[in-house]
Amino acid sequence: MQALWIYLALGIYIVVGTLLAFWAGRGMGRGVPEYFLANRTLGGIVSALTYSATTYSAFMMVGLAGLMYSGGVGAFGFEIIYLSGLVLAAFFGPRFWLAGKRFGYISPAELLADRYDSRWVGFVVAAASCLFLIPYSAVQLMGISYLLEGLSGGAISYTGGLVVAVLLALLWASIAGLRSVAWTDSLQALIMILASVLTLLVVVYGSLGGFGGLFSALENQYPELLTVKPKEGFFNLKAFIGLTIPWFFFCISNPQVSQRLFMPASLTAMRRMIGGFLAFGFVYTLVSVLWGLSARVLFPGLDNPDMATPTLLASDAVPAVLALVVMVGITAAAISTIDSILLTLSSMVARDIFRALRPRANEESELRVGKVVLPLIAALAFLFAHLKLGLISILSVAASAGLLVMVPAIFGAFFWRRGTAAGALASIVIAGAATTYLQFTGLKPLGMWPGFWALVLSTLLFVVVSLLTRPPTAKAALFLGYLSDALKKHRVL
Amino acid sequence: MALGPAAKVALWFSLLLLSAYIVPYGFLSDVPSMAGSFLYWSLFALAIILFILRLMSSWRD
């Protein structure tokens, strides 16, 4: 693909996105909730689109398509289990939202810190989030840079792609905080879904004789891709369980996603956010996996399954104009995830780390810290992506299992009066360290994956240590008492 | 012992979720067709979406 066309497509994307970001910031107010949460006023549709764009990264059209290409239908099941985890958003969403409004929480870490009456809980949750999510962002940046380098035949260098991606994410997060992130996310979500659906239809009807042709080719030539077996293949049952446990809890364990539960203007807006995301997620998942299967039928001999999407895009099956749109769509998927992570992490550093160390700091200095930290986090992600350290990809892979250790403390905050700060801290620190160790060494005790052990260990530690320590009785009564009444009033189960 | 509404929802959801593991790995592992696990997980996703929409339908502002 000619570099000039790539520059042009990226140029249009960047200009339109940046104009939208400035438009989103018109009449923006002051203060921390305004900058990080759009003052809790997001409408349902924008909430759904930003939720979708933040959740779905470049992994879908590249990594998931590649997993489907090589591992078969198990990849589809794995992603569908993720979607089913949205029941947790429907269950915890109103609770986060009500508590956030009543007690003024900005981040999920702050909610836990207040509920367990310990700023150190917030500190540890924020620090662990940075530890896992900065490398995760770096890997997203690496993905875009490789894609642009590959599609342009080297005309856009790896470092050049990296610089553009990180500056763009930073710009869109800085212009108007969450408002610019939410609106650019919305644009990007639409590009992601439209480009991928349209291109899939062109590939399937143009080169494979329609879906009937694709399905019969798969059934005749690759029947092994259409089944999962308990003890065989990449998606054997233990691997499937190990991969799906962190995925199921993703929407409450990942702060850049759970922070979005504070943002809708009303419960009606939240219902639209979750419903809209479910529709988006189902379609986007189907498209990504069918995309991988189409690549398998058209280009069966690839050594590296991650090349399935770039190969399909560079082939005659996809007209050049559409390939450019999909390239922008994949870039958009990554940028919209990275800028949301940048903003969420900077809000947590400002509120949960800075204010834990300086409890008397006022809101203005907190906001100043957040705005200074934003480029620092972006610089760290850039540095990690530039160095291409093996450690970074391991930490990124460890992110989903590593963040899972926060889940028992989140459940406990809403459903167990006896939960304590010591229990939360022990479960996050000790189980987090153990899970990361398992990821680094590749050990699988009893054949089970780190995600499984993350959940078992963190739950055990949270329960046992909580029972051995004194609960914050007054705080629990205030928090849970308020929620109990408010949930009844809003008719939430 | 009668189950409360939240427990009933959790029970039904757990059964549905378990089926996403048991059916493809237990009953469809020898069905090499798009009408096998692929179809099952698609239907499972639709059932989950309806389940969640139903769960949210009572919410009032």
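Arg355(A) and Glu366(A) join their side chains in a salt bridge, with N and O 2.8 Å apart; the term means a side-chain nitrogen of Lys or Arg within 4 Å of a carboxyl oxygen of Asp or Glu. This is a predicted model, in which local features need pLDDT of at least 70 and side-chain atom pairs pLDDT 80 or more, while totals for chains, interfaces and linings use all residues. Residues are numbered from 1 along each chain, chains are lettered from A, and side-chain values use heavy atoms, without hydrogens and water.

Let's follow the charges in chain A. Glu110(A), Arg351(A), Arg355(A) and Glu366(A) are linked in a network of salt bridges.

| Salt bridge | N to O distance |
|---|---|
| Arg355(A) and Glu366(A) | 2.8 Å |
| Glu366(A) and Arg351(A) | 2.9 Å |
| Glu110(A) and Arg351(A) | 3.0 Å |

Glu110(A) lies in helix 7 (residues 108-115) and Arg351(A) in helix 17 (residues 320-357), so the pair ties together parts 241 residues apart in sequence. Helices here are DSSP runs (H or I, at least four residues), numbered from the N terminus.

How accessible is Glu366(A)? At 0% relative accessibility, Glu366(A) counts as buried, a label for values under 20%, with exposed over 50% and partly exposed in between (1.4 Å probe, protein chains only). Arg351(A) is also buried, at 12%, whereas Arg355(A) is partly exposed, at 25%.

Now to the two chains together. The contact (heavy atoms within 4.5 Å) takes 36 residues from chain B and 46 residues from chain A. One salt bridge is found across this interface: Asp30(B) pairs with Lys229(A), their closest N and O atoms 3.3 Å apart.

Definitions and conventions. Helix = DSSP H or I, 4+ residues; strand = E, 2+ residues; numbered from the N terminus.
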